[in-house]
Amino acid sequence: MHRRALLATPFLATIRPARAQAPLAVAASFSILADMARQIGGARVTVTAIVGSDVDSHGFQARPSDAASVRNAALVLRNGLNFEPWLDRLLGASTPRGRVVTATERMALRGMGAPVPADRTGPRRPPDPHGWQDLGRAALYVSNIEAGLIAADPAGAETYRDNARAYRARLAVLDAWVRAEIASVPEARRKIITGHDAFGYFAEAYGVTFLAPQGMAPQGEPTAAAIGALVRQARAERISAIFLENATSPAILERLAQEAGMQVRGRLYADALSVATGPAPTYEAMMRHNVTLMVPAMRGNAA
Ligand code: ZN
């Protein structure tokens, strides 16, 4: 055995490319950041998404293996703005070996909450963490991740810059497409009911009103009064677009749809991508999928 290993060594040395190098280990807090890191990092990186496809990050509980991924990564990517309370706890408990990059760094913030008539006179609303729902802000995510990759792996700077530039260009094309699609819906009909307050930046960027029975945390329980108010509003404003979310329990929305006499129009991807074989395996596919469902539903076309 020992002899064989000795013999194999020079052979392996000759077939390995001269500049072979282990890929950079990147730990991304959730699937959308992981996809962005793969788009920018390409073959130079291996990316682990800690909160995987179709899983909600707000209520996630980290396992010991997740703590190890964070500790050992050369680069840890997080959204920030309290989207990953579990990661804040991990980072508080032990210092990772690599650098930690916050994708929402320097992002223009909006306050959390759907524009429903409620008690908005209380304490200041916390900042909304769901910045990726606006493709313009997603371009800032890309730049922040690009800078993090370059700092962690300066030898790959040119690759990261090229990939990030091409990626931002694709996102700009997608952004123009989303605007054109939304513009095809009469303004008074640009209203959507969905699970939790994940679409505030989409609302602000693209001029669509979102109403959600659940607040920031998808596991939160809305009151019967809040659901009743939404049912009345949906009827009065003849809202035709109601959606489930991929990582939020469907029970409340299904009940709401039934009470309002509305038909659920499918599933939007809010805080997590789909599995590889699903309709939203990448961030770009997710934005296309969501808008493709939203537009006919807002118009009131038959499902
Ligand atoms: Zn969310």
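User: What should I know about the model before I start?
Analyst: It is predicted, so local features need pLDDT of at least 70 and side-chain atom pairs count only at pLDDT 80 or more, while totals for chains, interfaces and linings use all residues. Residues are numbered from 1 along each chain as its sequence is written, and side-chain values use heavy atoms, with hydrogens and water left out.

User: Where do His196 and Asp271 lie?
Analyst: His196 is in the loop between strand E5 (191-193) and helix H7 (200-206), and Asp271 is in the loop between strand E8 (267-268) and helix H10 (283-299), so the pair ties together parts 75 residues apart in sequence. Helices (H or I, at least four residues) and strands (E, at least two) are DSSP runs, numbered from the N terminus.

User: Is His196 buried or exposed?
Analyst: His196 is buried, at 2% relative accessible area. Asp271 is buried too, at 3%. Buried means under 20%, exposed over 50%, and partly exposed in between (1.4 Å probe, protein chains only).

User: New topic. How many salt bridges are there?
Analyst: The structure holds 12. A salt bridge is a side-chain nitrogen of Lys or Arg within 4 Å of a carboxyl oxygen of Asp or Glu. One of them joins Arg170 and Glu284, at 2.9 Å from N to O.

User: What does that pair tie together?
Analyst: Arg170 lies in helix H6 (residues 157-183) and Glu284 in helix H10, so the pair ties together parts 114 residues apart in sequence. Arg170 is partly exposed at 35%, whereas Glu284 is buried at 10%.

User: Which residues form a network?
Analyst: Asp134, Arg137 and Glu204 are linked in a network of salt bridges.

User: And what about phi of Asp54?
Analyst: Phi of Asp54 is near 60 degrees, a positive value in a residue other than glycine. Arg238, also not a glycine, has a positive phi of about 50 degrees. Asp54 is partly exposed at 32%, and Arg238 is exposed at 65%.
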